[in-house]
Amino acid sequence: MKKALLALADGTLFEGVSFGAEGEAVGEVIFNTSMTGYQEVLTDPSYKGQMVVMTYPLIGNYGVNLEDVESKAPAVEGFIVKEASACPSNWRSTQNLDSYLKDHGVVGIQGIDTRALTRHLRDYGAMEGVISTKDLGPDSLVAKAKASPGLIGRDLVREVACTEPHIWMQRAWQLGKGYIEQGTGSRVQGEGEQPQLDMFAEPSTLSPKPYSVVAYDCGIKWNILRKLVGAGCDVTVVPADTSAATVLNMAPDGVFLSNGPGDPEGVPYLVDNVRKLIGTTPIFGICLGHQILGLAFGGQTYKLKFGHHGGNQPVKDLTTGKVEITTQNHGFAVDIASIPDKNVELTHINLNDRTVEGMRHTRLPIFSVQYHPEASPGPHDASYLFQRFVDLMASERRKTGAPVKRTR
Amino acid sequence: MPKRTDIDKILIIGSGPIVIGQACEFDYSGTQACKALREEGYQVILVNSNPATIMTDPDMADRTYVEPLTVPILEQIIAREKPHALLPTLGGQTGLNLAVALAEQGVLERHGVELIGAKLPAIKKAEDRDLFKQAMQKIGLEVPESGYAHSLEEARSVVERVGYPAIIRPSFTLGGTGGNIAYNRDEFDEHVQWGLNISPVHQVLVEASVIGWKEFELEVMRDLKDNVVIICSIENFDPMGIHTGDSITVAPAQTLSDKEYQLMRDAAIAIIREIGVETGGSNIQFAVDPKSGRMVAIEMNPRVSRSSALASKATGFPIAKIAAKLAVGYTLDEISNDITKETTACFEPTIDYCVVKFPRFSFEKFPGADETLTTQMKSVGEAMAIGRTFKEALQKAIRSLEIEAYGLESRIFRRGKGRETGGGRGEVSEADQKLVRERLRIANWERVFYIADAFRLGMTVKEIEGLTAIDRWFLANIEEIVKFEDHLIGFGQRRGGSSLLRLLTASAMREAKALGFSDRRLAQLVGSQELTIRDARKRMGIEATFKMVDTCGAEFVAHTPYLYSTYERECEANPTTRRKIVILGSGPNRIGQGIEFDYCCVHAAFALKEIGYETIMVNCNPETVSTDYDTSDRLYFEPLCLEDVLNIVEREQPVGVIVQFGGQTPLKLAIPLEQAGVKILGTPPDAIDRAEDRERFKQLLQHLSLNQSPNGTAISVSEALRIARQIGYPVLVRPSYVLGGRAMEIVYDEASLQDYMARAVQASPEHPVLVDKFLEDAIEMDVDALCDGQEVVIGGIMEHIEEA
């Protein structure tokens, strides 16, 4: 049992035991209240620059598998738990959490009072911290935490976004089938083992003329792409710094703006490009994409005290009065009152703290949500939003015909 | 939607007498519902035949009828009271069945009474297994292959289709009564005939067994706007094939990945919608194949259930109270979360601890009863424990049971010898090794202790998993506990050394306490005394900390002090400086100690609150009103053991502790608490002892010149025989300090007395046996009296119908 130390920028120290990789990690410390889905959390690129405390104390119980990933590799800077399970149990598990984190160089600390840490972050706000197994000097660790750059104004998107455009084929995970590639329709694995439950099946017949969607990748969660494909879209993923002109040249039916790490003000180039796209094509934004839209409409964003990170956040759809339980992962929020364009209306609010969770343009085919309708991890209540995006593209197509690629 | 104003008089039907499968959890849910509805200004008409309930207290409902729960009586009540609505989902299966009968016989229609919460078609769809199966197929969910039979011939043709092992479930019985598993034709014929006999409609369901699959439950709530939330997920430690009421269960689910959990959540939401439960809570059970993740829906309760009570206490979300408010038209987002105040009830609780429920059995009361656990419920109560890890919660749950177990004590290694204190493996006989395997293979309530012994015998997780079908995650956690014990006692280590010294290092002690070891168990292991360990521990500065149950994983500030102990860095107990009194509850229900003691504790809390004291409740029974977070000012969900109670007393510094309302459980703690310097309020421990200790009681009676049937106290077999000869047969024999006639027998001759002494008790100076002359043809009277130290008031005198 190797000792590890967690130091926060305000001088608070937690002594625990190392797990995962040894070494030192720096990042903003935030807490996540999901009881399941740690592998999806680890691989969510939005956590770049952050170290995650899981409030549920027993993590790693069902191991790690090859499927439950939201990107190529874990993006978190560090991982903080009460107890990491050494003996996982699940039919899909291929390794335990400790070895997975070691394989990917993620520094972890366990055996600390994560509830005390969570209460501290709740009361004093998310703050920078350092986990170390090599420097156990409290003073020097606190100094390192204080010196850490934080999130404000930083462009973390560049560190997690793709660098080349590519086509996405994979559809959402199904029990007994795993992932299916678009168009193939055949079973990928476990064929003949068990029937898929009808209620959870993806639509089997794709739209005869799929909607072409260009998805800006700011650190996109793969499940967003899977859900888009499942809803009948041909998805091309492009880097976050792709120009509006390039996108328009591709003549998509719609543009998707993804989630991503850090401060939306750290990616001004994306805001500029989105401003140019407004009014030309249907746009759907999630999380960072929603904040980028807020900025592109001329509004402002602000940092929340400790953010929303978890899978039990109630969001009320103001248009229907219905409540959906959602997955959320954001430290910044849009100040809707600051948007000068009064055609932008509030559509969703968080029932816990009444912050903005969704908006739409009343004249243009544009809408966005702060939360994660793709879930993964978390409840599926909001997955209807992907269909809403497709419906929006369909109605635009009816109005203007299928978009035509411009040739230079 | 605001509440309905077109109704103002609501009828609630209670669950009647306590039976296996239906205990005080429905007093808890009914009481919550009455309070919630009256808070909203509705008139509540309550019918229940069980007077030992909080809900039948005069101030709980506007009118209370303590009457038999039958259709004719209920019709008379309905005709007289003319309620506008009947809320059928909070009185257990009894209340629900009666509501169905009232609806089907046209009573409700005749008197214009509306069913709220769940309508008749929804109840039928959930309760009738055929309709349920059709509904599941409609939404694409799998159910186990099954078929109904009204005769043995029909049943045989069904089993040809579903195969062995097959589960036989009689229709419309409670707690799985009459349910059985048949592995072959002979067993099948026997179980089917029995099932047909006890089913009121002479019908059984023959179902393909998913024995050995993992069992899960979700507690679901829905409102009139179709908002649906999951309050809690529960994973059964014991696999399918054992009634949930008899299974050790754990919240939240531990071994489902998010993808699998969300599928189950989707399925639960689809089920509550398809069944059509309009508002309120439902409990839905699933089985999952551990090899492929394949999931089947097992059943749904369209009402508040035992699991709902557990889920409420496990999360802090008051399911019954919210269900009552939803039934009168509120939506989840209109109801505030009492605990956080700033958020609403429309969310899914997230917890940052682990909850273990352990069933309590009373097999010792029924010598010869089949102790095998099957699909028919046999437990009579349960204890719940909260810890930061499964290991801690499990060990706390075990000592909460009050079965003289303070940890995973060995069943085969002799106390004070062998492995328990560091001996070798060689001392275990072949027969004992065989016994362990047998006890692993065939489910029984002590199985968890035999699992620990299996690890002590060197068996692996894989072997034990093969024998028990219990998930390896749980087994590995038990192995960790055993490994720590081994380390402590120096098992397998070349250097001997003192195990006590090994424990008395800060890191070992801290680890032991974090693993949930009680001081008493540690004392057993290292050959010391509980209080010695406690003192040593406290000198090391290692003390219990208390954390809050807050529904939200600390995301929001909690305003209700609902606490559990653990060994962590930060303590949130934050005691007030008010004058306060601790009330000790009665622990798990068992025969002879049921809901009546909870009733007393709750009233003690109400009365003390009235005269200005802060009230602090300590209890570990999740089915009770006393463990509701708003019954007392502060609630500690803790085992009723000396160690745990002392921790609370030291933290809270109360004026005193009341032990006299919780039955035998707290009474047993009176003397040790007093010795530890705790002020016992009410009847002093010495007076309790004078009443409980037969020798002292006899002296008192002699001093008062009162008659007593001739008797004596024996600490050995020969002494018992001598006393019996002296006073003459028949004699009544029992151990002292017992409850409800446990191990009590009437003995008519010497041979039987010898047999009893050998079989039932081991007399010793610490455990004397009482021998009383049995009075034949005597009448028995009870006198209830109240004394303030000077005056005595007689509350009532009751004559027993049965002779003494």
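Visitor: Which residues of β18(B) are buried on one side, and which on the other?

Guide: A residue is buried if 20 or more other C-beta atoms lie within 10 Å of its own, exposed if 12 or fewer, and partly exposed in between; C-beta atoms are placed from the backbone. In β18(B), Y562(B), Y564(B) and T566(B) are buried on one side, and L563(B) and S565(B) on the other. Five of the five residues of this strand (562–566) are buried, so β18(B) is largely enclosed by the rest of the structure.

Visitor: What kind of model is this, and how is it numbered?

Guide: This is a predicted model: local features need pLDDT of at least 70, side-chain atom pairs count only at pLDDT 80 or more, and totals for chains, interfaces and linings use all residues. Residues are numbered from 1 along each chain as its sequence is written, while chains are lettered from A and ligands numbered from 1 in the order in which they are written.

Visitor: Which strands does β18(B) join?

Guide: Helices (H or I, at least four residues) and strands (E, at least two) are DSSP runs, numbered from the N terminus. Two strands pair if DSSP finds at least two bridges between them. Four bridges join β17(B) (545–548) to β18(B), antiparallel. There, K547(B) stands opposite Y564(B). Two bridges join β18(B) to β21(B) (634–637), parallel. Y636(B) in β21(B) is the bridge partner of L563(B).

Visitor: Is helix α10(B) mostly covered or uncovered?

Guide: An α-helix has 3.6 residues a turn, so residues three or four places apart point the same way. Here the helix (306–315) is mostly covered, with 10 of its 10 residues buried. Among them are R306(B), L310(B) and K313(B). Just after α10(B), G316(B) takes a positive phi of about 90°.

Visitor: What is the strand order of the open sheet in chain A?

Guide: The 10 strands run β10-β12-β11-β13-β14-β19-β18-β17-β15-β16, with mixed pairing. β10(A) (166–168) and β16(A) are the edge strands, each pairing on one side only. Twist averages 25° from one strand to the next. Axes are lines fitted to C-alpha atoms, for helices over the stretch in contact, and angles run from 0 to 180 degrees between N-to-C directions. Three bridges join β10(A) to β12(A) (233–239), antiparallel. W168(A) stands opposite V235(A) there.

Visitor: How many residues does each chain give to the contact?

Guide: Two residues are in contact if their C-beta atoms, placed from the backbone, lie within 7 Å. Chain A gives 50 residues and chain B gives 51. On the side of chain A that touches chain B, α3(A) gives the most, with five residues.
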